[in-house]
Amino acid sequence: MTSPDQPERRVPREVVVIGGGFSGLLTAVEFGRRGIRATVVEASDRPGGVAQTVREDGYLLEPAAGTFLLPHPDLSPILHAAGIELVESPPSARRRWAFRHGAMHELKDSPAIALSPVLSWRAKFRTLREPWIRTPPPEDDESLLHFACRRLGPETGTLIANIMAHGVFAGDPTTMSARAAFGRLVGLEDEAGSLIRGGIRRMKARPKGTPRATAHSSPDGMAFVARSLSKFLGDRYKGSWPVTSIRPDGERWVVEGSETLTTDAVIIAVEPGAAARFAPTDLGPLLSGRPTANVAIVGLGGRACDLPIPPGFGFLTGPGESIRALGMLFESEYAAGRAPNGCRMVKAIYGGDADPSVLDLSDDDLLRLATDELSRAIGIDVRPSFTKVVRQTAGIPQYPVGHPQWLSQLDDALVPYPGLEFTGWGYRGIGVSSLATDAARVADEITHHSSPAVGKVP
Ligand SMILES: Cc1cc2nc3c(=O)[nH]c(=O)nc-3n(C[C@H](O)[C@H](O)[C@H](O)COP(=O)(O)OP(=O)(O)OC[C@H]3O[C@@H](n4cnc5c(N)ncnc54)[C@H](O)[C@@H]3O)c2cc1C
């Protein structure tokens, strides 16, 4: 973050990006697109961070990012620049369900969700009245549950808030900041005083012919995409290079790790807790102790006759249901290469802030639970022959109420450190498209407050 009071700096010729997860990789490519040499240093021997595809017995399981919504104004140009091509999911991927009242119910795109059988007539009526509801947002931040109930009424609001919190953060909608976690949604109220009116306004404002963003994935997995990004960076990607400290040195920065690098600017693309270990010590208290939520990813695969899932994206679980899976994604039905020919694969997600105690179960018990719950959801006993449990112990960053204020504090704390920025899923958005948007923000911050006299490096 740069303050208007700071002296103008030279446009950086080179930056070091710490962390070779998707955030760091996308940020480095974005800098390259702007003519600035960016070197990624990554602690582990593999790029991709949490997105480490598992390949076993012809099945491909993604324990983190599995799909991107494309086209996207920030992500598409980066992928294009790096020559990465992804495969669009079939139209049936738009079919998705909520597990509600003990069964799967298909959800229609909003606002048609208001007509869905998952809601009572009373709730439908209240939801349709949303444009006329005058409930001013609180001065401070508010929870996702509070926001959704305020706008949509208690029944629809509780359902939507739980589904969104479970589906994206494995989080708890009562503690999650609506604005930090779902800024685009909250923005609808900011823009038009109503979600429905705001949605219609945005739809009308879209230039004619703009393609609708759809799910895309790599048949070779996200680890392959990460490897492709690192290969694109060539010798500007350095694996097995853990950073131990960074410090300003005049207008430059010194990065200590496997060797010593000096550079014009440093982008920290690791989550706050990990960044606290090497960032300037006065930032430590602000970076430490940010909440994360562990999840377990359970893969179930088998012959189509043994795992007869319907074509579609899968389901997310509503509040207070009898199953513990936060959601189950019908991976083989929308993403190429997930299962051998004639076979299917489902990815179930357990745990998070919503149900941390389920993670005390052994892998075998989790597999039994997932098999039983999938059978109940689709109404047919499934007999998986491929099973896999991956535990994400680094945890999904949670954005608690007050997260926007924490980001402002972090910005303020960076004022004495021109040329230092933070990005990644611990800060301003959790999906990979948000990481690309933040890569552009960071590149703007680093370049816009610099003197144009030096110019860009070819
Ligand atoms: C279950 C699940 C499902 C998901 N599904 C989707 C999805 O479908 N679509 C989507 O867009 N997103 C999805 N996501 C989110 C997506 O996976 C993340 O946003 C993204 O992978 C995070 O990338 P990152 O680079 O910010 O962090 P990380 O992946 O954590 O990368 C940080 C990197 O920094 C490195 N590092 C740490 N300390 C140091 C150090 N001292 N020196 C050098 N390197 C260091 C680490 O080794 C790591 O490689 C999902 C996430 C989960 C958990």
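β16 and β19 pair in the antiparallel sense, joined by nine bridges. Strands pair here if DSSP finds at least two bridges between them. Strands (E, at least two residues) and helices (H or I, at least four) are DSSP runs, numbered from the N terminus. The model is predicted: local features need pLDDT of at least 70, side-chain atom pairs count only at pLDDT 80 or more, and totals for chains, interfaces and linings use all residues. Residues are numbered from 1 along each chain as its sequence is written.

Strand β19 spans residues 343-351 and is mostly covered, with nine of its nine residues buried. A buried residue has 20 or more other C-beta atoms within 10 Å of its own; an exposed one has 12 or fewer, and a partly exposed one lies in between, with C-beta atoms placed from the backbone. β19 also pairs with strand β18 (residues 327-329), again in the antiparallel sense, over three bridges. There, M328 stands opposite A348 in β19.

β16 (292-303) also contributes to the shell around the ligand, supplying at least two residues. α1 gives the most, with three residues. In total, 37 residues surround the ligand. The closest are G19, G21, S23, G49 and G424. The shell divides into 23 nonpolar, twelve polar and two charged residues. Nonpolar covers Ala, Val, Leu, Ile, Met, Phe, Trp, Tyr, Cys and Pro; charged covers Asp, Glu, Lys and Arg; the others, Gly among them, are polar. Domain 1 (9-86 + 218-290 + 400-451) and domain 2 (88-92 + 292-397) each provide at least three residues of the shell. These bounds come from an automatic or database domain assignment.

An open sheet of three strands has the order β12-β13-β14, with antiparallel pairing. Its edge strands, β12 (245-249) and β14 (260-263), each pair on one side only. β12 is joined to β13 (residues 252-256) by five bridges. P248 stands opposite W253 in β13.

G239 lies in the loop between β11 (237-238) and β12. G239 counts as partly exposed because it has 15 C-beta neighbours inside 10 Å. G239 touches G20, E42, S44, D45 and P47, not counting residues up to four places away in sequence. Contact requires C-beta atoms, placed from the backbone, within 7 Å. The C-alpha atoms of G239 and L69 are separated by 28 Å.

Methods. A residue is near a molecule or strand if its C-beta atom, placed from the backbone, lies within 6 Å of it. Two residues are in contact if their C-beta atoms, placed from the backbone, lie within 7 Å.
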